[in-house]
There are 2 protein chains.
Amino acid sequence: MTHFDKTRYNARAAIVKALAHPTRLFLVDVLSMEERCVCDLTAMVGADISTVSKHLSVLKQAGLVTDDKRGAQVFYRLKCPCVTHFFDCLESVLVESCPTSRQAP
Amino acid sequence: MTHFDKTRYNARAAIVKALAHPTRLFLVDVLSMEERCVCDLTAMVGADISTVSKHLSVLKQAGLVTDDKRGAQVFYRLKCPCVTHFFDCLESVLVESCPTSRQAP
DNA sequence: CCATCATTTGGCTAAACTGCCAAATGATGG
DNA sequence: CCATCATTTGGCAGTTTAGCCAAATGATGG
(Lines give C-alpha, C1' and ligand atoms only; values in the text may rest on other atoms or scores of the structure.)
Protein backbone atom coordinates (compact mmCIF):
# COMPACT_ATOMS: atom_id res chain seq x y z
CA MET A 1 0.00 0.00 0.00
CA THR A 2 1.67 3.17 -1.18
CA HIS A 3 1.55 6.47 0.66
CA PHE A 4 -0.91 7.70 -1.94
CA ASP A 5 -3.16 4.71 -1.26
CA LYS A 6 -3.01 5.38 2.47
CA THR A 7 -4.10 8.94 1.97
CA ARG A 8 -6.93 7.87 -0.25
CA TYR A 9 -8.23 5.19 2.09
CA ASN A 10 -7.96 7.55 5.03
CA ALA A 11 -10.09 10.08 3.19
CA ARG A 12 -12.68 7.46 2.38
CA ALA A 13 -12.67 6.09 5.88
CA ALA A 14 -13.32 9.56 7.26
CA ILE A 15 -16.59 9.64 5.35
CA VAL A 16 -17.58 6.12 6.26
CA LYS A 17 -16.83 6.80 9.93
CA ALA A 18 -19.11 9.80 9.82
CA LEU A 19 -21.90 7.46 8.73
CA ALA A 20 -21.03 4.71 11.17
CA HIS A 21 -23.71 5.40 13.76
CA PRO A 22 -27.41 4.51 13.75
CA THR A 23 -28.52 8.02 14.64
CA ARG A 24 -26.43 9.56 11.89
CA LEU A 25 -27.76 7.08 9.35
CA PHE A 26 -31.23 8.04 10.45
CA LEU A 27 -30.43 11.74 10.08
CA VAL A 28 -29.08 11.21 6.58
CA ASP A 29 -32.18 9.25 5.70
CA VAL A 30 -34.49 12.00 6.94
CA LEU A 31 -32.46 14.74 5.29
CA SER A 32 -32.52 12.89 1.99
CA MET A 33 -36.24 13.72 1.83
CA GLU A 34 -36.13 17.39 2.77
CA GLU A 35 -34.21 19.87 4.87
CA ARG A 36 -34.97 20.05 8.59
CA CYS A 37 -34.12 22.22 11.54
CA VAL A 38 -32.23 20.83 14.52
CA CYS A 39 -35.25 20.93 16.80
CA ASP A 40 -37.33 18.83 14.38
CA LEU A 41 -34.52 16.31 14.03
CA THR A 42 -34.08 16.21 17.79
CA ALA A 43 -37.75 15.42 18.27
CA MET A 44 -37.52 12.59 15.73
CA VAL A 45 -34.36 11.11 17.20
CA GLY A 46 -35.49 11.39 20.80
CA ALA A 47 -32.14 12.26 22.37
CA ASP A 48 -30.68 15.35 23.96
CA ILE A 49 -30.45 18.26 21.54
CA SER A 50 -26.75 18.62 22.24
CA THR A 51 -26.26 15.01 21.19
CA VAL A 52 -28.11 15.56 17.93
CA SER A 53 -26.22 18.77 17.29
CA LYS A 54 -22.94 16.93 17.66
CA HIS A 55 -24.04 14.17 15.32
CA LEU A 56 -24.98 16.80 12.74
CA SER A 57 -21.62 18.45 13.09
CA VAL A 58 -19.90 15.14 12.44
CA LEU A 59 -21.90 14.76 9.23
CA LYS A 60 -21.14 18.34 8.31
CA GLN A 61 -17.44 18.02 8.87
CA ALA A 62 -17.40 14.96 6.63
CA GLY A 63 -18.99 17.03 3.88
CA LEU A 64 -22.21 15.04 3.89
CA VAL A 65 -24.60 17.80 4.92
CA THR A 66 -24.70 21.59 4.88
CA ASP A 67 -26.43 23.93 7.25
CA ASP A 68 -28.20 27.17 6.73
CA LYS A 69 -29.14 29.53 9.52
CA ARG A 70 -32.51 31.22 9.16
CA GLY A 71 -33.47 33.31 12.14
CA ALA A 72 -32.75 31.43 15.31
CA GLN A 73 -33.08 28.06 13.61
CA VAL A 74 -30.48 26.11 11.70
CA PHE A 75 -31.61 23.98 8.78
CA TYR A 76 -29.60 21.01 7.60
CA ARG A 77 -29.81 19.31 4.26
CA LEU A 78 -28.04 16.49 2.48
CA LYS A 79 -25.18 17.71 0.33
CA CYS A 80 -24.58 14.63 -1.75
CA PRO A 81 -27.77 12.83 -2.79
CA CYS A 82 -25.78 9.81 -3.94
CA VAL A 83 -25.38 8.85 -0.31
CA THR A 84 -28.89 7.50 -0.56
CA HIS A 85 -27.62 4.65 -2.73
CA PHE A 86 -25.63 3.58 0.28
CA PHE A 87 -28.80 2.38 1.86
CA ASP A 88 -29.79 0.17 -1.04
CA CYS A 89 -26.40 -1.45 -0.83
CA LEU A 90 -26.63 -1.83 2.93
CA GLU A 91 -29.97 -3.50 2.57
CA SER A 92 -28.63 -5.98 0.07
CA VAL A 93 -25.78 -6.83 2.41
CA LEU A 94 -28.32 -7.39 5.15
CA VAL A 95 -30.43 -9.61 2.93
CA GLU A 96 -27.33 -11.59 1.94
CA SER A 97 -26.29 -12.25 5.49
CA CYS A 98 -29.79 -12.75 6.82
CA PRO A 99 -30.38 -16.41 7.72
CA THR A 100 -33.89 -16.31 6.24
CA SER A 101 -32.61 -15.52 2.76
CA ARG A 102 -31.50 -18.88 1.46
CA GLN A 103 -29.48 -19.78 -1.58
CA ALA A 104 -31.38 -21.27 -4.49
CA PRO A 105 -32.17 -24.93 -3.63
CA MET B 1 -38.04 6.87 15.62
CA THR B 2 -39.92 3.66 16.30
CA HIS B 3 -38.39 0.55 17.79
CA PHE B 4 -38.48 -1.01 14.34
CA ASP B 5 -36.55 1.93 12.93
CA LYS B 6 -33.97 1.64 15.67
CA THR B 7 -33.42 -2.00 14.90
CA ARG B 8 -33.07 -1.24 11.23
CA TYR B 9 -30.60 1.58 11.67
CA ASN B 10 -28.60 -0.47 14.13
CA ALA B 11 -28.32 -3.25 11.59
CA ARG B 12 -27.19 -0.83 8.92
CA ALA B 13 -24.75 0.88 11.25
CA ALA B 14 -23.17 -2.46 12.07
CA ILE B 15 -22.24 -2.85 8.42
CA VAL B 16 -21.02 0.71 8.02
CA LYS B 17 -18.92 0.38 11.17
CA ALA B 18 -17.27 -2.70 9.75
CA LEU B 19 -16.19 -0.58 6.77
CA ALA B 20 -15.17 2.43 8.83
CA HIS B 21 -11.43 1.88 8.80
CA PRO B 22 -8.88 2.62 6.09
CA THR B 23 -7.32 -0.83 6.25
CA ARG B 24 -10.69 -2.54 5.97
CA LEU B 25 -11.67 -0.37 3.01
CA PHE B 26 -8.41 -1.35 1.40
CA LEU B 27 -9.07 -5.03 2.06
CA VAL B 28 -12.54 -4.78 0.54
CA ASP B 29 -11.07 -3.05 -2.48
CA VAL B 30 -8.45 -5.73 -3.00
CA LEU B 31 -10.94 -8.54 -2.44
CA SER B 32 -13.32 -7.01 -4.96
CA MET B 33 -10.80 -7.99 -7.64
CA GLU B 34 -10.05 -11.54 -6.56
CA GLU B 35 -9.79 -13.75 -3.51
CA ARG B 36 -6.62 -13.63 -1.45
CA CYS B 37 -5.03 -15.46 1.43
CA VAL B 38 -4.29 -13.73 4.71
CA CYS B 39 -0.55 -13.71 4.17
CA ASP B 40 -0.89 -11.94 0.81
CA LEU B 41 -3.20 -9.38 2.34
CA THR B 42 -0.85 -8.91 5.25
CA ALA B 43 2.04 -8.20 2.91
CA MET B 44 -0.04 -5.63 1.05
CA VAL B 45 -1.27 -3.90 4.18
CA GLY B 46 2.09 -3.89 5.90
CA ALA B 47 0.89 -4.47 9.46
CA ASP B 48 1.13 -7.33 11.90
CA ILE B 49 -0.63 -10.45 10.65
CA SER B 50 -2.72 -10.58 13.78
CA THR B 51 -3.94 -7.08 13.08
CA VAL B 52 -4.97 -8.01 9.54
CA SER B 53 -6.60 -11.18 10.75
CA LYS B 54 -8.71 -9.20 13.16
CA HIS B 55 -9.73 -6.72 10.49
CA LEU B 56 -10.80 -9.61 8.28
CA SER B 57 -12.83 -11.10 11.07
CA VAL B 58 -14.63 -7.79 11.52
CA LEU B 59 -15.53 -7.80 7.83
CA LYS B 60 -16.57 -11.42 8.05
CA GLN B 61 -18.78 -10.91 11.05
CA ALA B 62 -20.53 -8.07 9.23
CA GLY B 63 -21.28 -10.45 6.38
CA LEU B 64 -19.10 -8.58 3.90
CA VAL B 65 -16.59 -11.34 3.18
CA THR B 66 -16.37 -15.12 3.42
CA ASP B 67 -13.40 -17.27 4.06
CA ASP B 68 -12.39 -20.62 2.76
CA LYS B 69 -9.65 -22.76 4.23
CA ARG B 70 -7.45 -24.58 1.74
CA GLY B 71 -4.59 -26.39 3.32
CA ALA B 72 -2.90 -24.21 5.85
CA GLN B 73 -4.02 -21.04 4.14
CA VAL B 74 -7.31 -19.17 4.48
CA PHE B 75 -8.67 -17.38 1.45
CA TYR B 76 -11.03 -14.48 1.78
CA ARG B 77 -13.34 -13.08 -0.86
CA LEU B 78 -15.96 -10.40 -1.11
CA LYS B 79 -19.44 -11.69 -0.45
CA CYS B 80 -21.49 -8.81 -1.75
CA PRO B 81 -20.06 -7.22 -4.90
CA CYS B 82 -22.40 -4.25 -4.58
CA VAL B 83 -20.13 -2.94 -1.86
CA THR B 84 -17.89 -1.76 -4.66
CA HIS B 85 -20.45 0.92 -5.55
CA PHE B 86 -19.73 2.35 -2.14
CA PHE B 87 -16.43 3.58 -3.41
CA ASP B 88 -17.91 5.45 -6.33
CA CYS B 89 -20.20 7.20 -3.93
CA LEU B 90 -17.38 7.94 -1.50
CA GLU B 91 -15.35 9.43 -4.30
CA SER B 92 -18.17 11.72 -5.32
CA VAL B 93 -18.55 12.90 -1.74
CA LEU B 94 -14.83 13.61 -1.69
CA VAL B 95 -15.02 15.53 -4.94
CA GLU B 96 -17.97 17.52 -3.60
CA SER B 97 -16.19 18.51 -0.44
CA CYS B 98 -12.80 19.01 -2.05
CA PRO B 99 -11.89 22.70 -2.18
CA THR B 100 -10.46 22.33 -5.68
CA SER B 101 -13.80 21.30 -7.13
CA ARG B 102 -15.64 24.54 -7.53
CA GLN B 103 -19.25 25.21 -8.26
CA ALA B 104 -20.08 26.36 -11.80
CA PRO B 105 -19.03 30.04 -12.09
C1' DC C 1 5.50 -37.52 16.61
C1' DC C 2 8.10 -33.11 15.53
C1' DA C 3 9.31 -28.88 13.32
C1' DT C 4 7.36 -25.52 10.65
C1' DC C 5 4.30 -22.55 8.33
C1' DA C 6 -0.39 -19.98 8.33
C1' DT C 7 -3.74 -18.10 11.04
C1' DT C 8 -6.46 -16.97 15.14
C1' DT C 9 -7.07 -15.66 19.95
C1' DG C 10 -5.94 -13.41 24.46
C1' DG C 11 -4.47 -9.60 26.67
C1' DC C 12 -2.91 -5.09 27.42
C1' DT C 13 -2.43 0.04 26.76
C1' DA C 14 -3.45 4.16 24.28
C1' DA C 15 -6.70 6.56 21.72
C1' DA C 16 -11.30 7.59 20.01
C1' DC C 17 -16.32 7.79 20.55
C1' DT C 18 -21.02 8.55 23.10
C1' DG C 19 -24.30 10.90 25.53
C1' DC C 20 -25.64 13.67 29.03
C1' DC C 21 -25.49 18.01 31.78
C1' DA C 22 -24.20 22.69 32.27
C1' DA C 23 -22.74 26.80 30.34
C1' DA C 24 -21.92 29.88 26.31
C1' DT C 25 -23.47 31.96 22.04
C1' DG C 26 -26.85 34.12 18.85
C1' DA C 27 -31.24 35.85 17.26
C1' DT C 28 -35.96 37.82 18.43
C1' DG C 29 -39.45 40.58 20.50
C1' DG C 30 -40.91 43.41 23.95
C1' DC D 1 -31.38 46.12 27.64
C1' DC D 2 -33.80 41.72 29.12
C1' DA D 3 -36.07 37.34 28.79
C1' DT D 4 -36.51 33.67 25.85
C1' DC D 5 -35.94 30.35 22.32
C1' DA D 6 -32.61 27.57 19.20
C1' DT D 7 -28.27 25.80 18.88
C1' DT D 8 -23.40 24.94 19.89
C1' DT D 9 -19.52 24.03 22.93
C1' DG D 10 -16.99 22.22 27.10
C1' DG D 11 -16.32 18.67 29.90
C1' DC D 12 -16.79 14.35 32.17
C1' DA D 13 -17.59 9.02 32.87
C1' DG D 14 -18.28 4.91 30.53
C1' DT D 15 -17.65 2.15 26.46
C1' DT D 16 -15.49 0.73 22.29
C1' DT D 17 -11.63 0.30 19.14
C1' DA D 18 -6.69 -0.37 17.35
C1' DG D 19 -2.42 -2.56 17.09
C1' DC D 20 1.18 -5.01 18.92
C1' DC D 21 3.20 -9.09 21.32
C1' DA D 22 2.80 -13.66 22.98
C1' DA D 23 0.58 -17.87 23.05
C1' DA D 24 -2.72 -21.27 21.09
C1' DT D 25 -4.59 -23.81 17.20
C1' DG D 26 -4.37 -26.31 12.73
C1' DA D 27 -2.33 -28.32 8.62
C1' DT D 28 1.90 -30.31 6.25
C1' DG D 29 5.93 -32.98 5.41
C1' DG D 30 9.47 -35.52 6.96
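1. Along its sequence, chain A runs in the order α-α-β-α-α-β-β-α, which amounts to five helices and three strands; here helices (H or I, at least four residues) and strands (E, at least two) are DSSP runs numbered from the N terminus.

2. This is a predicted model, in which local features need pLDDT of at least 70 and side-chain atom pairs count only at pLDDT 80 or more, while totals for chains, interfaces and linings use all residues. Residues are numbered from 1 along each chain as its sequence is written, with chains lettered from A and ligands numbered from 1 in the order in which they are written.

3. The radius of gyration of chain A, taken over C-alpha atoms, is 17 Å, whereas a compact globule of 105 residues would have one near 13 Å, by the rule of 2.2 Å times the number of residues to the power 0.38. The C-alpha atoms of chain A fill a box of roughly 60 × 40 × 25 Å along the principal axes.

4. Around DNA strand C there are 22 residues, of which Ser50(A), Val38(B), Cys39(B), Ser50(B) and Ser53(B) come nearest; a residue is near the strand if its C-beta atom, placed from the backbone, lies within 6 Å of it. Helix 4 of chain B gives the largest share of this surface, six residues, and helix 4 (49–61) of chain A is among the other elements that each supply at least two.
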